[in-house]
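This report goes through one structure by topic. Please keep the sequence and the model in view while reading.

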Amino acid sequence: MSYISVCKNVIASNNKRGWVDPNPAIRVSKTKAGKVTHRAHALAIKDKQGNVVATIVSTQDGEPVVKCGAKVTIITEYEPEIVE
């Protein structure tokens with residue numbers, strides 16, 4: 001199991017530096033409060049067979065990834081299901 005999150009502090013730091021040599025905002029750890037195992041600008045999520053089912057993408061130039069202004073987005077291959 002992995003926990004994937006987006007570090008708003010990294011995005012804020014990248015904003016302050018004008019997105020010159022930006023740090024990756026996507027963070028992966030093995031537990032909720034665990035040590036970071038990976039950082040990335042883009043990350044693929046795969047099913048058991050190794051097929052990519054979703055990709056998480058973060059801006060590398062400060063421009064929003066989607067029109068609403070989000071700098072990180074998840075792009076899925078399949079229709080999402082609301083779990084609540």
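## Cysteines

At 16% relative accessibility, Cys-7 counts as buried, where buried means under 20% relative accessible area, exposed over 50%, and partly exposed in between (1.4 Å probe, protein chains only). Cys-68 is exposed, with a relative accessible area of 71%.

A disulfide is taken as a pair of cysteine sulfur atoms within 2.5 Å. By this rule the model has zero disulfides. Cys-7 is in no disulfide, and its nearest cysteine sulfur, that of Cys-68, is 19 Å away. That separation is too far for a bond.

## Basis of the model

This is a predicted model, in which local features need pLDDT of at least 70 and side-chain atom pairs count only at pLDDT 80 or more, while totals for chains, interfaces and linings use all residues. Residues are numbered from 1 along each chain as its sequence is written, and side-chain values use heavy atoms, with hydrogens and water left out.

## Nonpolar core

A nonpolar core is a set of buried Ala, Val, Leu, Ile, Met, Phe, Trp, Tyr and Cys residues joined through side-chain atoms within 4.5 Å. The largest one here has ten residues: Cys-7, Val-10, Ile-11, Trp-19, Ala-25, Ile-26, Val-28, Leu-43, Ile-56 and Val-72. Two or more of these residues come from each of α1 (8–16) and β2 (26–29). Helices (H or I, at least four residues) and strands (E, at least two) are DSSP runs, numbered from the N terminus.

Contact means heavy atoms within 4.5 Å. Leaving aside neighbours within four places in sequence, Trp-19 has contacts that include Ile-11, Asn-14, Thr-59 and Lys-71.

## Sheet

Three strands form an open sheet in the order β4-β5-β6, with antiparallel pairing. Its edge strands, β4 (42–46) and β6 (72–76), each pair on one side only. Two strands pair if DSSP finds at least two bridges between them.

β4 and β5 (residues 52–58) are joined in the antiparallel sense over five bridges. Along this pairing, Leu-43 stands opposite Ile-56, and Ala-42 stands opposite Val-57. The two strands form a hairpin with five residues between them, and Gly-50 in the turn has a positive phi of about 90 degrees.

## Val-52

Val-52 lies in strand β5 and is partly exposed, at 37% relative accessible area. Its C-alpha atom is 8.8 Å from that of Thr-76, which is 24 residues apart from Val-52 along the chain. Apart from neighbours within four places in sequence, Val-52 is in contact with Ala-44, Ile-45, Lys-46 and Glu-77.
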